[in-house]
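Please keep the sequence and the model in view while reading.

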Amino acid sequence: MAVVAVGVVAACARPAESGPGPVSAPPGNAVSGHVHGLGIDPGDGLAYVATHRGLVRLEPDGAAPVGDTRNDLMGFAVTGPGQYLASGHPGDLQEKSAGPASSLGLVRSTDGGRSWTEVSLAGAADLHAITVVGSIVYGWDSLTATVQASHDGGRTWEPRSRGSLADLAVDPTDPSHLWATTPEGIAESRDGGHTFTLVPPIPAMSDPLVFVETVPDLHGDREPDLVGVDTRGRVWGRYGDGWRVSGELGAAPTALAAVGPDRYLAATTEAVVSSEDAGRTWTTLAPVTP
């Protein structure tokens with residue numbers, strides 16, 4: 001990640017009592033394959049899970065595959081009722097070596113994931129960590145290790161900074177304000193991803209964050225305003241007095257989504273889980289199998 005001199009004040013951090021990990025999974029079909037992305041469709045209120053073997057909808061009686069394609073969906077974002085953006089690899093190339101020929105670029109679904117159409121970058125980019133605000137789309141291209149930005153819904157793109165990262169989040173009130181989780185720590189951009197500044201180390205955080213999300217703010221006074229998960233599965237929130245632990249996932253994380261002021265979705269190597277209390281306690285929605 002392109003990093004400029006650190007110019008932010010280190011946040012104070014104080015630990016908080018962690019809630020319990022996930023409970024036993026309810027009856028129903030498991031989610032098959034590694035989970036890369038999560039979201040809630042505002043049309044049906046159901047959780048959608050982007051996996052190594054395609055898109056899965058979590059219905060009351062279990063996990064149900066969506067559509068006939070089994071693309072390896074690496075990046076995923078819900079943009080409206082039945083409307084999704086994704087990236088990754090074609091299903092029939094999943095077992096082949098990664099490379100430009102096996103990249104979907106950016107694809108869009110307008111029918112709840114039943115079908116997908118090409119938007120841009122087919123064969124030229126594999127966008128991970130897709131994050132969207134209005135018509136602005138950001139993604140990290142794993143083929144070039146570059147943050148890519150689009151101001152027209154993903155039709156055209158501009159490369160921004162280069163470097164390794166695991167996740168991207170955008171400020172819904174300021175589309176040029178981004179956060180990223182990098183091997184060096186949390187990084188922040190105020191110029192739409194052209195440059196990133198490493199946030200000074202957080203004293204209480206011994207394990208790095210792998211995922212970070214902005215928390216929807218309905219009243220202008222949301223705390224925490226950021227939520228993240230570290231490599232051990234501990235859930236962190238950024239409050240006015242700094243970062244602190246709010247709960248535990250109980251296993252290594254693979255995806256995170258803040259879908260409401262207090263409602264979060266997460267995936268681990270073992271389960272897809274949900275919290276209704278800002279990450280303090282978690283309930284298993286579906287087990288995850290290899």
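In this predicted model, 53% of the 290 residues of the protein count as buried. The secondary structure consists of 26 strands and 0 helices. Among contacts in the protein with a separation of 6 or more, 44% are made by residues 24 or more positions apart.

The next topic is the open space in the model. The largest pocket holds about 1,000 Å³ of space. Its lining is formed by 42 residues, and those that lie nearest the centre of the pocket are L38, A77, I130, T131 and E213. Sorted by class, this lining has 27 nonpolar, 12 polar and 3 charged residues. Which strands each supply at least two residues of the lining? They are strand 3 (35–40), strand 7 (72–80), strand 11 (127–133), strand 15 (167–171), strand 19 (209–214) and strand 23 (253–258). Strand 7 gives the most to the lining of the largest pocket, namely 7 residues.

One of the residues nearest the centre of the pocket, I130, lies in strand 11. Is I130 buried or exposed? Its relative accessibility is 9%, and because buried means under 20%, I130 counts as buried. Leaving aside neighbours within four places in sequence, I130 is in contact with G75, F76, A77, A86, S87, L106, V137, Y138 and G139. The C-alpha atoms of I130 and G37 are separated by 9.2 Å, and these two residues are 93 residues apart along the chain.

A86, one of the contacts of I130, lies in strand 8. With a relative accessibility of 0%, A86 counts as buried. Beyond its neighbours within four places in sequence, A86 is in contact with L73, G75, F76, G105, L106, V107, W116 and I130. For F76, which is 10 residues from A86 along the chain, the C-alpha separation from A86 is 4.3 Å.

The loop between strand 8 (83–89) and strand 9 (106–109) contains S103. Although S103 lies in a loop, this residue counts as buried, at 5% relative accessibility. Not counting residues up to four places away in sequence, S103 touches G88, H89, P90, A122, G123, A125, D126 and L143.

Not counting residues up to four places away in sequence, L58 touches V31, L46, A47, V49, A63, V272, L285 and A286.

Methods. Residues numbered from 1 in each chain as written. Predicted model: local features only at pLDDT ≥ 70, side-chain atom pairs only at ≥ 80, totals over all residues. Heavy atoms only, no water. 1 Å grid on protein atoms, 1.4 Å probe; cavity = no way out; pocket = protein on both sides within 12 Å on 5 of 7 lines; lining within 4 Å. Points joined across faces, edges and corners; volume = space filled by probe spheres on them. Helix = DSSP H or I, 4+ residues; strand = E, 2+ residues; numbered from the N terminus. Nonpolar A, V, L, I, M, F, W, Y, C, P; charged D, E, K, R; others polar. Buried < 20%, exposed > 50% of the residue type's maximum accessible area, 1.4 Å probe, protein only. Contact = heavy atoms within 4.5 Å.
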